[in-house]
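Welcome to this tour! Please open the model in your viewer and keep the selection tool ready.

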Amino acid sequence: MDGTTEPIIAVLGHPIAGNPSQLAIERAFEAMKLDWRVMSFDVTPENLPVALHGLEVLGVRGILLSKNLIREAAQWAAGHLPDQSGPAVLDCFYRDPIARSGLQGSASQNSGLLGFDAESQWISAQIHAHLSAKQDDSAVSASVIGKIHRDLDSLFPEPYRELLKQSLLESDTASIPEADVILIGELDADAVALEIEDASAACPSSLLIDLSGNEAVAEALDDFAATVINIDQRRVGMICQCIEKWVGKPAPEEIVIDAIEEYMAV
């Protein structure tokens with residue numbers, strides 16, 4: 001890449017301290033025998049547009065963003081990249097000259113950054129795998145507990161997207177035991193216990209996806225018989241999804257898990 005001696009990945013967050021992503025990515029690159037570099041930067045939301053533009057000009061190969069920057073990243077992409085549309089949040093940027101080769105503009109534009117919602121893509125893949133394993137995948141349903149701040153089109157995979165969205169229009173608390181997929185979003189602090197009691201009615205064959213970021217919710221879900229995707233699994237999945245986008249081949253998931261566990265244990 002022009003302007004760099006070896007491919008560079010930037011991890012952006014505010015605050016950046018306590019973020020295990022750099023170590024996890026470095027360990028994955030080492031296992032994949034890639035001589036890439038990873039650098040972390042503390043960037044405030046208001047300074048993100050300047051930082052992204054600078055990193056694009058400097059030729060970094062990819063960017064990973066923390067949760068408190070993903071909406072600003074999508075706003076920057078929508079206003080800056082002529083081919084960028086879709087998700088309201090972007091947690092990762094990558095370069096794909098082929099995808100941009102048909103765009104009008106300068107050479108720098110054609111080799112510029114593209115953004116995508118890595119975590120939602122990973123979650124969508126897990127939902128797809130879960131539903132594909134059903135004996136009758138022509139009748140699938142979903143339920144939501146709390147407020148979901150993500151685009152359902154990005155979470156629900158084809159060919160199940162419309163079926164799942166339609167089931168949400170028809171669902172209520174009583175539909176939880178029959179739901180194949182249950183999304184748990186932001187919950188009012190005073191209603192956590194009640195909402196989790198509703199979720200406990202989920203069938204053991206259901207897939208529960210915790211998007212709440214609430215420790216009380218995460219602890220309660222540990223006792224559920226259903227399959228649960230928690231915040232730690234989402235972090236690993238997101239990082240692996242980004243690495244695959246950057247380098248073009250799957251990341252070693254166990255290496256990423258071990259690195260995060262090591263970092264958090266310090």
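A helix here is a DSSP run of H or I with at least four residues, a strand is a run of E with at least two, and both are numbered from the N terminus. The model is a predicted one, in which local features need pLDDT of at least 70 and side-chain atom pairs count only at pLDDT 80 or more, while totals for chains, interfaces and linings use all residues. Residues are numbered from 1 along each chain as its sequence is written, and side-chain values use heavy atoms, with hydrogens and water left out.

**Stop 1: the whole chain**

Show the protein chain as a cartoon, and you can find 12 helices and 9 strands. Buried residues make up 45% of its 266 residues. Buried means under 20% relative accessible area, exposed means over 50%, and partly exposed lies in between (1.4 Å probe, protein chains only). A contact means heavy atoms within 4.5 Å. Of the contacts in the protein chain with a separation of 6 or more, 70% are between residues 24 or more positions apart.

**Stop 2**

Two packed helices are described by the angle between their axes and the distance between the axes. The axes are lines fitted to C-alpha atoms, for helices over the stretch in contact, and angles run from 0 to 180 degrees between N-to-C directions.

Select residues 231–247, helix α11, and residues 253–265, helix α12. These two pack at an angle of about 130°, with their axes 10 Å apart. Therefore α11 and α12 are oblique to each other. (Under 35 degrees counts as roughly parallel, over 145 as roughly antiparallel, 65 to 115 as roughly perpendicular, and the rest as oblique.)

Now show side chains: Arg235, Val236, Ile239 and Cys240 of α11 meet Glu253, Val256, Ile257 and Ile260 of α12. The residues of this contact divide into 6 nonpolar, no polar and 2 charged. Here Ala, Val, Leu, Ile, Met, Phe, Trp, Tyr, Cys and Pro count as nonpolar, Asp, Glu, Lys and Arg as charged, and the others, Gly among them, as polar.

**Stop 3: α1 against α11**

On the α1 side, look for Ser21, Ala24, Ile25, Ala28 and Phe29; on the α11 side, for Ile239, Ile243, Trp246 and Val247. This contact of α1 with α11 divides into 8 nonpolar residues, 1 polar and no charged.

**Stop 4: the salt bridges**

Side chains of opposite charge can pair when their charged atoms come close. A salt bridge is a side-chain nitrogen of Lys or Arg within 4 Å of a carboxyl oxygen of Asp or Glu. The structure holds 10 salt bridges.

Select Glu119 and Lys67, whose side chains meet in a salt bridge (1.9 Å, N to O). This pair links distant parts of the chain, 52 residues apart: Glu119 sits in helix α6 (residues 118–132), and Lys67 in the loop between β3 (62–65) and α3 (70–80). Is Glu119 buried or exposed? Glu119 is buried, with a relative accessible area of 1%, whereas Lys67 is partly exposed at 43%.

Next, pick Asp35 and Arg37, a salt bridge with its closest N and O atoms 2.6 Å apart. Asp35 is partly exposed, with a relative accessible area of 48%, and Arg37 is partly exposed at 37%.

Finally, select Arg161 and Glu158, whose side chains meet in a salt bridge (3.3 Å, N to O). Glu158 is partly exposed, with a relative accessible area of 47%.
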